[in-house]
Amino acid sequence: MAYVTLKGVTKIYDGDVLAVEEANFEIPDESFTVLVGPSGCGKSTILRMIAGLEQITEGDIYIDDERINDIPPKDRDIAMVFQNYALYPHMTVYKNMAFGLKLRKYPKAEIDQRVTAAAEILSISHLLNRKPKHLSGGERQRVAVGRAIVRHPKVFLFDEPLSNLDAKLRVQMRMEISRLHDRLDATMVYVTHDQVEAMTMGDQIVVLNEGTIQQIADPGTLYHKPANQFVGGFIGTPPMNFIETQIVNNGGTPALRFENFKVALNGHLQSALNTLSGDSVVLGIRPEDIHVGENGTSNSKFQFASCAENSVETLVELVEPLGNHALLYLRTENHNFVAQSDLADLPQHNAPLTVNFNMDKAHLFHPETGESLTV
Ligand SMILES: Nc1ncnc2c1ncn2[C@@H]1O[C@H](COP(=O)(O)OP(=O)(O)OP(=O)(O)O)[C@@H](O)[C@H]1O
Ligand SMILES: [Mg+2]
């Protein structure tokens, strides 16, 4: 298939909307690369520049070794699937899928063979004579994907293709698109604002915010080693908790303080502080790394043998039971955070609860730049 390279790609709309700034990355051959980020961060713009539907303001895009900036969309050997499917309502499913090939003057037998094969892959062979208005949302989405498959493109581009489907169908189509990727060994670029979709589908994930790339990594690295506070807060539900702390001297070694609580640091975190000049730092801790402590109303599963000072006394504001675990919304005087508990015996609303931070899993971020000090 093909790999795609973006070098210093910038897009400025109408003179002053900076939609994408200096994007540099490679989409490896046969990878499933996901572009993820909040609404307006520039995901669709990047995809549309790769497809040729949007002019590139600065920089270059290559497919394999060929610079494609000036190649018209129809000659780029790319197929794009849109959120709204964009099917022709007056044509049958067969004709919708055949249309692109017909425009390119493929022989009838070849068209027939490709449409039949694609319909089989997508389990829509029985729908070929129907028109789009007689299809469900999921079936329409499959036809839209089929229209891309028949082209045998070098690269598939998907722009939020599942966002019009209900939650259950979305999970199913998510699996189908991943399976399709395995089966076709194709290079796929997939845009979504849903971090769960990104984490479950992508082997390479590009996290974007306000037009700039925040981090490019596999799902595990993004989760465990977020490059900055934005990625830590965007990837994972509920998001990572952030607490602004003061660096204090704790008998010769640095520790962190917020309100009346003192948090001891292990060696790894202590050395991360060396790069800081000020005396404040942002502590990042995921909900599952906050454990209900020994003084809580629940039995403790986890205890810090020697770090009693990592205990934080909180008040339970809300308990959300989710079956196999619960989310505890906790409050101290000036801070709110979320802890995840899998204990059967859950604390009560408004009860005091002591929790411990598992500092082996904690992250530290620069208070001004938000850059991680720990990766
Ligand atoms: N044709 C346009 N003219 C001017 N500004 C535009 C145009 N298209 C997009 N923008 C702006 O560029 C920025 C990026 O838009 P883009 O559509 O790439 O975002 P996105 O990440 O795909 O968002 P969403 O998740 O909402 O689809 C936004 O600020 C948007 O308002
Ligand atoms: Mg978009």
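This is a predicted model: local features need pLDDT of at least 70, side-chain atom pairs count only at pLDDT 80 or more; totals for chains, interfaces and linings use all residues.
**Entry 1: domains.** I looked up the division of the chain first. The protein splits into domain 1, residues 4-229, and domain 2, residues 241-365. I then checked how far apart they sit. Their C-alpha centres are 41 Å apart.

**Entry 2: helix 2 against helix 4.** I turned to helix 2, residues 93-103, and its packing on helix 4, residues 137-149. The angle is about 30 degrees, and the axes lie 8 Å apart. Angles under 35 degrees count as roughly parallel, so helix 2 is roughly parallel to helix 4. The crossing of helix 2 and helix 4 is right-handed. I listed the residues that make the contact. Helix 2 brings Val93, Asn96, Met97 and Gly100. Helix 4 brings Val143, Gly146 and Arg147. Sorted by class, this contact has three nonpolar residues, three polar ones and one charged.

**Entry 3: helix 2 against helix 3.** Next came helix 3, residues 108-121. Helix 2 packs on helix 3 at an angle of about 135 degrees, with 10 Å between the axes. That angle makes helix 2 oblique to helix 3. Here too I noted the handedness: helix 2 and helix 3 cross in a right-handed way. From helix 2, the residues in contact are Tyr94, Met97, Ala98, Leu101 and Lys102. They meet Ile111, Arg114, Val115 and Ala118 of helix 3. By class I found seven nonpolar, no polar and two charged residues in this contact.

**Entry 4: positive phi.** I then looked at the loops on either side of helix 2. Tyrosine 85 sits in the loop between strand 6, residues 78-81, and helix 2. Its phi is near 65 degrees, a positive value in a residue that is not glycine.

Lysine 105 lies in the loop between helix 2 and helix 3. Lysine 105 is not a glycine either, yet its phi is positive, at about 60 degrees. With 7 C-beta neighbours inside 10 Å, lysine 105 counts as exposed.

**Entry 5: a cis bond.** Last, I checked the peptide bond from threonine 237 to proline 238. This bond is cis, with omega near -15 degrees. Where is proline 238? I found proline 238 in the loop between helix 8, residues 229-234, and strand 11, residues 241-250.

Technical notes: Residues are numbered from 1 along each chain as its sequence is written. Chains are lettered from A and ligands numbered from 1 in the order in which they are written. Axes are lines fitted to C-alpha atoms, for helices over the stretch in contact, and angles run from 0 to 180 degrees between N-to-C directions. Helices (H or I, at least four residues) and strands (E, at least two) are DSSP runs, numbered from the N terminus. Angles under 35 degrees count as roughly parallel, over 145 as roughly antiparallel, 65 to 115 as roughly perpendicular and the rest as oblique. A crossing is left-handed if the near helix is turned anticlockwise from the far one by less than a right angle, and right-handed if clockwise. Two residues are in contact if their C-beta atoms, placed from the backbone, lie within 7 Å. Ala, Val, Leu, Ile, Met, Phe, Trp, Tyr, Cys and Pro count as nonpolar, Asp, Glu, Lys and Arg as charged, and the others, Gly among them, as polar. Domain bounds come from an automatic or database domain assignment. A residue is buried if 20 or more other C-beta atoms lie within 10 Å of its own, exposed if 12 or fewer, and partly exposed in between; C-beta atoms are placed from the backbone.
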